[in-house]
Amino acid sequence: MLSAFAVLLGFQLIGEVIARAFHLGIPGPVIGLCLLAIACMINEPLRAFTERAARPLIGTLSLLFLPAAVGVVQFLPVLQKQGWAIGLSILLSTVLALAVTALVFRFVVHHLKLEDRE
Amino acid sequence: MPDVKMPDVTQLWVYLSATPLLWLFATLAAFALADRLSASFKRHPAANPVLVATIILALLLEVTRTPYTTYFAGAQFVHFMLGPATVALAVPLAKEWRRVKRLAIPITVALLAGSLTAILSAIGIAALLGAPHTVLASLAPKSVTTPIAMGISSIIGGLPSLTATFVVITGILTAIIAGPVFKLIRMKDHAASGFATGLTGHGIGTARAFQDGHIAGTFSGLALALNGVLTSILAPLVMKLWP
């Protein structure tokens, strides 16, 4: 489990190095995600090995956002001032983005007859 | 009576509030409490554990007059784990790669449509309601995972820390309303609903999507990564063309 965790940190580190070296504007962990996905596809045992650390981490994903979420308290004054515009914009945009993405996905799957047979 | 001196509560507080231990504990305890609450409400969307725990901690900070920076000194250990957890999303992705590859075309089309919808609808509605340009620029990348969103925001003239707030609000909101929205549009395809949840609600949405199973979670993680990259291209373009 600990060595599997080290693999995750290692890929994050490689991601950070690449992001800084090439000024990509994409965070290190996202680059690490892509690289690890490729590595896991090439090397099946690596995936099974990394899964031991990946599974519990993904299981606690909600908790990990808590410190950032609490940061909202710093912006309560701004949110109050522009409250209506911001609140309505985020609410409607979230509903629209969810519905449009899922419906377009579904429409294309249906249109191209890519239905899941599993 | 033996001469026992009462411990000085103020001094104890001064000591505890300066160590990371207290707020690290508070973060975990608040989440554990919120999670049990959510379970006792049969995981009703409104009893979202991130939302409930955020409210508990915000009230706690308010009551104890603790500044966010002091809180974060403890909570940063939890925050740090977001990095490896993001990398970890590669594992389910590699596992489901054959399905992902087969669905490459719907993924691409839905990504473009969803990304544009998320950006344009947010700034369009806020502009109609009279929000200033800084707020619009801060809103544009609201569906993207925090570090990417903050970078985009600073490039297009927004306030990165305000964007971080919008990102969190969008994520929590996505976790709460994704279920009802999918019910409304009768969406039963877990690949499609998961992809939409991750595209709209980044990591917080992805945490929610994994509750619906492996497929929804995997496609959500994929959408989170793809939308992060696409929005960093689209948002500056949209803001440049914005009147």
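**View 1. Buried area between chain A and chain B.** In this predicted model, chain A and chain B bury about 7100 Å² between them. Carbon and sulfur atoms account for 83% of that area. On the chain A side, A:F65, A:L98 and A:F105 supply 10% of the area buried against chain B. The contact draws 70 residues from chain A and 88 residues from chain B.

**View 2. Polar and charged pairs across the interface.** Between chain A and chain B, 9 residue pairs are in polar contact, with both residues at pLDDT 80 or more. The interface also holds 2 salt bridges. One of them links A:E51 to B:K95. Their closest N and O atoms lie 2.8 Å apart.

**View 3. Helices of chain A that touch chain B.** At least two residues each come from α1 (2–21), α2 (28–42), α3 (44–59), α4 (61–64), α5 (66–70), α6 (76–81) and α7 (83–111) of chain A. The largest share belongs to α7(A), with 24 residues. By class, this side of chain A has 51 nonpolar, 12 polar and 7 charged residues.

View 4. The biggest contribution comes from α2(A), which gives 3 residues. A:I38 sits in this helix, α2 of chain A.

How values were computed
Residues numbered from 1 in each chain as written. Chains lettered and ligands numbered in written order. Predicted model: local features only at pLDDT ≥ 70, side-chain atom pairs only at ≥ 80, totals over all residues. Heavy atoms only, no water. Contact = heavy atoms within 4.5 Å. Buried area = accessible area lost by both parts, 1.4 Å probe. Salt bridge = Lys/Arg side-chain N within 4 Å of Asp/Glu carboxyl O. Polar contact = N/O pair within 3.5 Å; in protein donor to acceptor, adjacent residues only side chain to side chain. Helix = DSSP H or I, 4+ residues; strand = E, 2+ residues; numbered from the N terminus. Nonpolar A, V, L, I, M, F, W, Y, C, P; charged D, E, K, R; others polar.
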